[in-house]
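Hi,

Here is the structure I promised to pass on. Have a look at it first, and my notes follow below.

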Amino acid sequence: MASKDDKNLAQVIEKIAKMDEPERSLVQRTHEVIMTAAPTLKPRIWYGMPAYALSASTPALVTLRNDDRVNLALTEKVALTPAGATDGLLMPAAWYFDSLDETTEKRIAEIVRSVIA
């Protein structure tokens with residue numbers, strides 16, 4: 001019998017598989033980056049989008065949305081800190097992207113790891 005985590009992962013994989021290209025490949029690769037950077041996070045569907053939490057019963061911390069652009073976002077459950085400098089008290093919590101390169105993948109990994117630190 002499959003565990004709740006296994007079922008949730010299967011739902012995320014299915015959701016990604018139903019996306020149109022090129023977003024499907026982009027979201028699939030981002031999912032892989034997230035899971036490699038933070039293997040303790042548990043993927044699941046949250047408000048119709050792939051999301052990642054500490055467990056099946058805790059709030060989502062990171063979401064992946066595919067609207068006009070792919071969006072990586074941190075939820076309100078993450079401890080956010082002001083950016084400082086010219087951004088002052090603004091707290092970075094979402095990033096849009098339409099392609100991935102090594103630098104972007106590294107930054108996504110840093111963002112995701114900061115959520116569980």
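A pocket here is an open set of points on a 1 Å grid over the protein atoms alone, where a 1.4 Å probe fits, with protein on both sides within 12 Å along at least five of seven lines; lining residues have an atom within 4 Å of a point. Its volume is the space filled by probe spheres set on the points, which are joined across faces, edges and corners.

This is a predicted model, with local features needing pLDDT of at least 70 and side-chain atom pairs pLDDT 80 or more, while totals for chains, interfaces and linings use all residues. Residues are numbered from 1 along each chain as its sequence is written, and side-chain values use heavy atoms, without hydrogens and water.

The largest pocket has a volume of about 230 Å³. Among its 15 lining residues, Leu74, Ala79, Leu80, Pro92 and Ser114 are closest to the centre. Helix H3 (residues 102-116) gives the largest share of the lining, five residues (helices are DSSP runs of H or I, at least four residues, and strands runs of E, at least two, numbered from the N terminus).

Five strands form an open antiparallel sheet, ordered S1-S2-S3-S4-S5 (strands pair if DSSP finds at least two bridges between them). Strands S1 (42-46) and S5 (94-97) stand at the edges with a single partner strand each, so one side of each lacks a neighbour in the sheet. S1 pairs with S2 (residues 49-53) over five bridges, and Trp46 stands opposite Met49 in S2.

Enjoy exploring!
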